[in-house]
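I record what I looked up, in the order in which I looked.

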Amino acid sequence: MASIMPTFGLRRLPLLNKFRSTLPPPPPLRLHRSSSSIALPVAISSAASSSTYEGSEEPESNTNTLSTAIEEPRNKNKNKKPKPFFPKRGETLELVCETLAFKGKGLCKVEDTGYVVMCDRALPGERFVGRVTRKKNNYSEVTKVKTLSPHRDMVEAPCEYASHCGGCRTQNLLYEAQVRAKEEQVRDLVVHVGKFPYKDAEFENVMKPIVPCDMQFHYRNKMEFSFGPKRWLPKEQLANKSEDTNVFSLGLHAPGFFDKVLNVDKCFLQSEPANKVLAAVQDCWRNPELGLSPYDCHSHTGFMKHLTIRSGRDAETRDPQLMVNFVTSSYKPELLKPLVDKLAVFPEMVSIMNNINTSVGNTSVGEEEYTLYGKATITEILRGLAFEISANSFFQTNAHQAEILYKLVEDCAGLKGDGSEIILDLFCGTGTIGLTLAKKVKHVYGYEVVPEAISDARRNAKLNGIHNATFIQGDLNKISESFGNDFQRPDIVISDPNRPGMHTNLIKYLLKLKASRIVYVSCNPATCARDLDLLCHGSVEQKLQGCYRLTSIQPVDMFPHTPHIECVCLLELC
Ligand SMILES: C[S@@+](CC[C@H](N)C(=O)[O-])C[C@H]1O[C@@H](n2cnc3c(N)ncnc32)[C@H](O)[C@@H]1O
């Protein structure tokens with residue numbers, strides 16, 4: 001995979017802009033923008049309640065939905081009072097989607113009322129009829145019944161599962177519109193949750209244009225598929241009597257369902273060799289002679305839970321590598337042998353693992369791990385360094401875009417280049433960020449909760465001849481007053497938490513530490529905005545005194561066609 005640096009920023013996307021200019025003008029919006037403050041549903045994961053360690057994919061149940069009252073920024077009808085509106089469950093509404101919000105859901109407002117309605121798979125500019133399915137405090141959720149006029153940036157989705165799969169949400173939205181919506185979402189969250197003044201001219205310099213991803217398909221180096229006893233089918237296909245749901249399924253979860261699996265034969269987000277592995281497993285695992293049963297998360301019976309396919313590259317030859325991890329409910333290697341034999345002949349295959357997960361939960365991390373073929377790790381290259389990654393360690397899932405992300409982190413760190421600085425790399429995973437900076441600093445301290453990731457980080461330091469990096473295993477949600485006593489005082493802190501963001505005690509520590517710079521890398525702009533607010537403005541209730549200035553916030557699109565947004569933020573000590 002060649003590393004191509006993208007042209008930074010949307011405003012420098014001539015090809016996309018040219019394409020856009022050939023599209024018909026958007027249909028006029030009939031929606032009235034509310035004149036008073038409106039309620040924007042914003043999901044903020046609770047750091048305190050977090051118990052999930054996997055960086056990117058924690059379940060929906062881990063998030064608390066907060067409704068944040070916000071001022072409508074582009075309000076032109078200051079004196080017009082919005083009409084009160086109380087939708088009923090089952091009521092149908094004609095709506096126009098204004099923008100994409102949290103989890104890529106379309107945000108609409110009911111005409112003349114400003115009342116907010118969220119709809120999955122509604123895209124900006126689309127006019128549609130929606131049926132109210134859920135009522136929350138100050139907004140409702142609808143499901144789309146019928147599109148009246150399509151969204152202005154419609155393109156044909158290449159994947160046949162795009163309209164139903166829980167992975168991609170916006171494949172049929174022009175890529176430029178996807179990144180534009182993500183940039184707007186970050187801006188809104190930073191303004192409304194982070195309480196940074198959008199009217200301030202300086203804010204325009206702080207908020208950088210999003211970095212798009214050059215590679216819009218096949219960019220994921222890790223995909224996790226689930227086994228299920230029944231096939232989930234969308235309503236349209238259910239009506240077709242010839243489609244049978246009583247067939248074992250292997251694929252991705254239907255949107256919003258932990259127990260329903262959409263069978264997929266190919267995923268456009270993973271590499272071609274990884275798709276061949278998926279096809280080979282699909283080809284044989286249902287064969288009754290093999291005796292493989294999918295795990296049923298209701299009856300808690302069955303053997304096969306998940307199939308994870310990881311792609312990497314050989315550190316020297318750069319040839320593609322593959323790792324397969326079967327997550328099963330018990331250890332029965334003889335049952336997996338026919339599959340292992342079939343996959344081991346793939347020229348790229350370097351590792352076939354078996355994680356045993358006896359819990360009733362849906363996680364893929366096992367209590368025990370066995371190597372069924374090859375070695376226990378796969379290699380990937382980032383910023384010239386080689387990283388060995390084990391089955392359960394976090395590694396950036398888009399290695400191509402991670403090159404750019406890490407370059408931005410380095411730029412934000414503003415290293416003097418004299419090797420004098422101490423770096424604290426919080427939520428370090430396999431040590432990738434810290435190790436890519438190690439040769440320019442005095443020492444790197446990495447902190448991470450997953451023991452396997454810490455072992456990987458230590459091995460990766462050795463592998464790359466780095467001797468000034470120390471990795472410490474610990475839970476950053478449970479730090480005590482003595483945190484920091486086991487490493488030298490850092491000059492620069494890099495913090496890259498998973499979606500719940502940082503625990504208040506960690507923020508307290510950072511405010512006491514007063515490092516000259518904090519580079520905050522976030523995969524959830526809502527919790528990021530909350531943490532930036534605490535670091536910069538403090539909180540009377542939480543007895544926190546903010547002492548940082550937000551000098552840059554750079555959204556990066558790491559995951560085209562999905563709602564995920566990454567941001568690199570720079571905070572400088574006031
Ligand atoms: C978004 S990943 C970032 C990893 C790394 N910085 C990178 O770029 O590859 C977040 C990491 O935080 C770790 N993590 C999650 N919760 C944690 C906690 N409570 N304490 C310490 N580490 C945690 C995860 O295991 C994961 O490796």
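Entry 1. I began with Ile 494 and found that it stands opposite Val 519 in strand S21. The model I am reading is a predicted one. S20, helix H10 (residues 504-513) and S21 make a β-α-β unit, and the unit is right-handed.

Entry 2. I next looked up the pairing of S21 with S23. Six bridges join these two strands, which run antiparallel. As one example, I noted that Tyr 520 has Cys 569 in S23 as its bridge partner.

Entry 3. Is S21 (residues 517-522) mostly covered or mostly open? I found it mostly covered, since six of its six residues are buried. In a regular strand, side chains alternate between the two faces of the sheet. I therefore listed the two sides separately, the cut-off for a buried residue being 20 or more other C-beta atoms within 10 Å of its own. On one side I found Arg 517, Val 519 and Val 521, and on the other Ile 518, Tyr 520 and Ser 522; all are buried, and both faces of S21 are covered.

Entry 4. I then traced the whole sheet. It is open and has seven strands in the order S19-S18-S17-S20-S21-S23-S22, with mixed pairing. The edge strands, each pairing on one side only, are S19 (469-473) and S22 (548-556). From one strand to the next, the twist averages 15°.

Entry 5. Glu 448 has Gln 473 in S19 as its bridge partner. I also found that helix H2 (residues 175-192) packs on the sheet, where it touches S22 and strand S23 (566-573). The direction of H2 makes about 160° with that of S22.

Entry 6. Last, I checked the length of helix H7 (residues 399-413). Its 15 residues, at 1.5 Å a residue, should span 21 Å, and this agrees with the 20 Å between its end C-alpha atoms. The buried residues of H7 include Ala 399, His 400, Ile 404, Leu 405, Leu 408 and Cys 412. Among the elements that cover the buried residues of H7 are strand S15 (377-382), helix H8 (432-438), S20 and S21. Just after H7, I noted that Gly 414 takes a positive phi of about 55°.

Definitions and conventions: Residues numbered from 1 in each chain as written. Predicted model: local features only at pLDDT ≥ 70, side-chain atom pairs only at ≥ 80, totals over all residues. Pairing = 2+ DSSP bridges. Helix = DSSP H or I, 4+ residues; strand = E, 2+ residues; numbered from the N terminus. Axes fitted to C-alpha atoms, helices over the stretch in contact; angles between N-to-C directions. Contact = placed C-beta atoms within 7 Å. Buried ≥ 20, exposed ≤ 12 C-beta atoms within 10 Å, placed from the backbone. Right-handed = clockwise from strand over helix to strand, strands pointing away. Expected span 1.5 Å × (residues − 1).
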